[in-house]
Amino acid sequence: MNNSQTARRMQRVRPSPTAAISDQVRALEAAGKAVINLGEGELDFATPSTISYAGIAAIVQQQTKYTAVAGTAALKSAIAAKFIRDNHLQFQPEQIIAGSGAKQLIFNALLATVDAGQQVIIPAPYWVSYPDMVTLAEGEPVIIPCDEQHGWKLQPRQLAAALTPQTRWLILNSPGNPTGAIYSAQELRALAEVLADHPQVLIMADDIYEPLRYDQTPFATFAEVAPHLAHRTLTVNGVSKSHAMTGWRLGYAAGPGWLIEAMQILQSQSTSNPSSISQAAAVAALNQPADFLTGWIETLDRRRRTVLAMVNEVDGLSASAPQGAFYLFANCQQLLGQRTPQGEKLVDDKALAAWLLNNAHVAVLQGSAFGMPGFLRIAYAIDDALLDLACSQLKAAFARLK
């Protein structure tokens, strides 16, 4: 963006790469191309009907007015019960806030706490929005590259080396986007030991993919395993991924009262309360047994194995099996520098992703968008038959490279 009429902060922020790839897919589809989108972070499952009916009932019952900015009492009660049931964490109503998606709450937390020049530690690969949110808050993203050898997870020695008096936050995403990596309780405790002597550092646990885990991998959240740091921890979650409710735009967070109050003030002057209809649906989502998850995870696991098999059949591609979420992070470094049938040299992962979109008609995202060049993120939360077709088209395209 280069417009003299925009604020200077807009020169430092980029459009969301995931939104950009969706725009490109729509443009190609409008031009008559059949494109398979493996670039979007959205389950293809329908919102469970009991949850949808709760939303419909809220409309019929005229629950269509403003609510409290941080969410209704019923929703806060359901969120509190979820944290007790699943994470052994206890929060009072004033320690809980609901917003229009977890994304809004993460942004509000950063905006409420980060002063100009303060640092936010972000392990890479990272969700694409973290650095830009920090930049918009006038903070400094401190990117720490993690490697596949350590399961794409931040090591205590790396954290210790990155901490400074200006460090304000550490962001941890588990299960992670784009790798599906899950921090064990032991790994979180090791990071907590490093943070114990740095009282100025807040910890953000982005747990949005919490229930989407394979091979019975256990889940732990930071405040649960490091209760002595709970007063410095914000735990973020939502119903978008756990209940296939992306369009309902409902996230929630819990943490120290002073932080929730600051986030609420920001929310009161921006979006105000999240949709009253979505709140009613989220109450049903959080209060009812998630019996559907077993079938969902079985389906996602089958799709995970489909994509892994495709990657293993392509010379120059490799990937480890993700522990959670619905993304595979494939190493494509051996393919870079190769040429297309048209003679174009694929100089980086962005060029490779663009070529796959325009020639294989399959959308994937370049690893550089996640702070890790030389990789491709492949989302596999789409219909099985469509995923099979996408894998076939990708294999054929890779085979044409020289």
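Biologist: How many cavities of 30 Å³ or more does a search of the whole structure find?

Modeller: Please keep in mind that this is a predicted model. With the whole structure searched for cavities of 30 Å³ or more, the number found is 2.

Biologist: Which strand gives the most to the lining of the largest cavity?

Modeller: The largest cavity is lined by 15 residues, and the closest to its centre are Pro123, Pro125, Trp152, Asn173 and Tyr183. By class, this lining has 10 nonpolar, 4 polar and 1 charged residues. The strand that gives the most, with 3 residues, spans residues 167-173 and is E5.

Biologist: How many nonpolar residues are in the lining of the second largest cavity?

Modeller: The lining of the second largest cavity consists of Leu172, Ser174, Tyr183, Leu188, Ala205, Asp207, Ala220, Thr221 and Phe222. Divided by class, it has 1 charged residue and 2 polar residues, while the number of nonpolar residues is 6.

Biologist: Why is strand E9 largely enclosed by the rest of the structure?

Modeller: Tyr327, Phe329 and Asn331 point one way from E9, whereas Leu328 and Ala330 point the other way, and all are buried. Buried here means under 20% relative accessible area. Strand E9 is therefore largely enclosed, because the number of its residues that are buried is 5 of the 5.

Biologist: Which residue in E12 is the bridge partner of asparagine 331?

Modeller: E9 and strand E12, residues 375-379, run antiparallel and are joined by 5 bridges. In E12, the bridge partner of asparagine 331 is phenylalanine 375.

Notes: Residues numbered from 1 in each chain as written. Predicted model: local features only at pLDDT ≥ 70, side-chain atom pairs only at ≥ 80, totals over all residues. Heavy atoms only, no water. Buried < 20%, exposed > 50% of the residue type's maximum accessible area, 1.4 Å probe, protein only. Helix = DSSP H or I, 4+ residues; strand = E, 2+ residues; numbered from the N terminus. Pairing = 2+ DSSP bridges. 1 Å grid on protein atoms, 1.4 Å probe; cavity = no way out; pocket = protein on both sides within 12 Å on 5 of 7 lines; lining within 4 Å. Points joined across faces, edges and corners; volume = space filled by probe spheres on them. Nonpolar A, V, L, I, M, F, W, Y, C, P; charged D, E, K, R; others polar.
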